[in-house]
Amino acid sequence: MPIEVRPDARFDYTVDVLIVGAGACGLTAALAAVDGGASVLILERDPSPSGTSAMSTGLIPAAATPEQEEAGIPDTAEIFAADIMEKSAGRADHHVVRSLADESAETIAWLRSVHHVPLSLVDGFVYPGHRLRRMYGTPNRTGSELIAALCSACGHAGVDIIGDAYVDTLITDGQQSVRGVRFLRPNGGHEEIGCRTLILATCGFAGNADMVAQWMPDMTGAVFHGHPGADGSAVSWGEALGAQLGDMTGYQGHGGLAYGHGVPILWPTIMRGGFQVNREGARFSDESLGYSEQASKILEQADGAAWTVFDQTIEEVMQQFDDYQDALRVGAVKTASTAKDLAIGAGVSVDGLERTFADIEKHANNDVSDRFGRRFTIETLLKPPYKIVRVSGAIFHTQGGLEVDVSARVKHEDGRPFPNLYAGGGAARGISGPDASGYIAGNGLLTATGLGKIAGRHAAQQARQGNDV
């Protein structure tokens, strides 16, 4: 992705805040910048906004919210930040983590009350790594619904979005300031636009096979379940500009993508007593540690596949998610009244699966952890009818990217921030540390919406103060 140095560049049109990418980060940044009185334009490579966020469940974590208080959930920003840092083994940037945790409740309230994004507290379960219930989502708990709501908000706020605009070049003054960008149109022609501040809100690089092989070889060959825009553009620009990169080996994997269907089987199936087995009907890990690190463990099994086993009670919780409804519609979920019939229907070892059921029951009755360190309880033992679905290990999105400070400004290799360059979402270093085990549910959308809001506000303030470059 080229950088063109043109100190005397002139443009027919210049905006205060130019945003590359119309996913959750870009749309949130635009709303914040418009609220700050800036002129804003989003350039989106696709005909309409989507991004990685549209393929997620659209859940955003937040702490110390009024809904939590009403529900008797004693959450604070300190507890939230501690959960993120613990999951990343202390390897995330604690300044950014604490800033996002502190901002999280206000982010939800602002999106909902000012821009009418219909977010509500998710009921029924706590995701791995979170001590408390703190996820917010739109009514159908889908990323596409969240993106639609953010797009609607941008429309009402007067944000201009140009689709089919593939940004391929940044234009700089040669002194670390961005002057504008060049973008490709469907007819093959190029256009240029100037900016006072630039926010990179692109996807990460999970769709770039060469970058994946370079930074995370354990996921080479994994199913990529993400947006094609995850081509590493922001990383390439950052490297060319001399920006710091961080946690490039970190990613969000998923150990529950319905095999051959591309539909996520979400982790409440596991956290409420479900488990995973391989073709031999045997468990191979502590699944409850998290769905991200489970992906590589599944890839180590025969055919890179596993089977998630749960029951009717768990399915009732799963019914609130459109993704699970999709899995039912495509016939990915099979049902049986005995472990034997379940194994036969799924094509796994009958003896192995029956032994696994017996082993889990034994450990639950004795109230002891199994050989993987997981503790099952009598209350969560599965009961017929049982459910089973074949899953693959997948990579959803990367967690490494451009280093940013608490104002979402991109850092140069020397540690100083670039004068007018911001990043968030998949373009920025995440808060999960350098490997898959550090990912905690919601980290992606927390950095997308949180850093997006922060970047938009700071960029608008910079433009208002007349820091024209």
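Predicted model: local features only at pLDDT ≥ 70, side-chain atom pairs only at ≥ 80, totals over all residues.
Local features require pLDDT of at least 70 and side-chain atom pairs count only at pLDDT 80 or more, whereas totals for chains, interfaces and linings use all residues. Residues are numbered from 1 along each chain as its sequence is written, and side-chain values use heavy atoms, with hydrogens and water left out.

Strands (E, DSSP runs of at least two residues, numbered from the N terminus) are taken to pair if DSSP finds at least two bridges between them. Strand E10 (residues 190-200) runs parallel to E2 (residues 14-20), to which six bridges join it; here Val17 stands opposite Thr197. E10 is also joined by three parallel bridges to E21 (residues 417-423), with Ile199 opposite Tyr422. Five bridges connect E10 with E9 (residues 178-184) in antiparallel fashion, and Arg182 stands opposite Glu192. E9 and E10 form a hairpin with five residues between them, where Gly188 in the turn has a positive phi of about 90°.

Thr172, in strand E8 (residues 166-172), is buried at a relative accessible area of 4% (buried: under 20%, 1.4 Å probe, protein chains only). A polar atom of the Thr172 side chain lies 3.3 Å from the backbone nitrogen of Gly174. Beyond its neighbours within four places in sequence, Thr172 is in contact (heavy atoms within 4.5 Å) with residues including Val5, Val178 and Leu241.

Definitions and conventions:
Helix = DSSP H or I, 4+ residues; strand = E, 2+ residues; numbered from the N terminus. Buried < 20%, exposed > 50% of the residue type's maximum accessible area, 1.4 Å probe, protein only. Polar contact = N/O pair within 3.5 Å; in protein donor to acceptor, adjacent residues only side chain to side chain.
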